[in-house]
Amino acid sequence: KGLDVSSHSIYTSYKKAFGEDPVVVSINGAYTINNEIISDRSDVSSRGYSYGAEIFKAFSNQIRTSLAYTHSLTSYEDADLLFENRRRDTRDNYEVRLSKQLQNDVSVNAIVGYIQNHSNQAPYTYDKITAQLSAVLSF
């Protein structure tokens, strides 16, 4: 069967630049509700929040860097028959981002991240390192 869901989110953020050669600090928060429409799974309907911060700096040589952190909590509404409880996860996500503008319409981006996910259901407790490299063409 499908994993159909109706999702509703509220998101807010605030950014402030400091200094003449600015460092930008951003804070954000979100609340999300996912309601199951059609599913036999217990990990669809959930409620959760997240909050985070990012420090961003652009340099004159077309390099942009940032450090970001996000904490989130997700509580699932349906009890899992195997674990005999409702799943609840917390996640901490750390990222370092680097971007270089090569031309007016071409840039390359690199992101390295570390994720720690803790759950009251052991198979969903993990940590991992992620890496992403991308090229962007604007037109």
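1. Glu 95 and Arg 97 meet through their side chains in a salt bridge, at 2.5 Å from N to O. The term salt bridge here covers a side-chain nitrogen of Lys or Arg within 4 Å of a carboxyl oxygen of Asp or Glu. Salt bridges with shared partners join Glu 95 and Arg 97 with Glu 54 into one network. Arg 97 is partly exposed, at a relative accessible area of 28% (buried is under 20%, exposed over 50%, partly exposed in between, with a 1.4 Å probe and protein chains only).

2. This is a predicted model, in which local features need pLDDT of at least 70 and side-chain atom pairs count only at pLDDT 80 or more, while totals for chains, interfaces and linings use all residues. Residues are numbered from 1 along each chain as its sequence is written, and side-chain values use heavy atoms, with hydrogens and water left out.

3. Over the whole structure, the search finds five salt bridges. One of them pairs the side chains of Asp 21 and Lys 57, at 2.9 Å from N to O. Asp 21 sits in the loop between strand S1 (4-18) and strand S2 (23-38), and Lys 57 in strand S3 (residues 46-58), so that distant parts of the chain, 36 residues apart, are linked (strands are DSSP runs of E, at least two residues, numbered from the N terminus). Asp 21 is exposed, at 55% relative accessible area, whereas Lys 57 is buried, at 14%.

4. Glu 77 and Arg 47 form another salt bridge, their closest N and O atoms being 3.0 Å apart. Glu 77 belongs to strand S4 (residues 63-80) and Arg 47 to strand S3, so the pair ties together parts 30 residues apart in sequence. Glu 77 is partly exposed, at 30%, and Arg 47 is partly exposed, at 37%.

Technical notes. Helix = DSSP H or I, 4+ residues; strand = E, 2+ residues; numbered from the N terminus.
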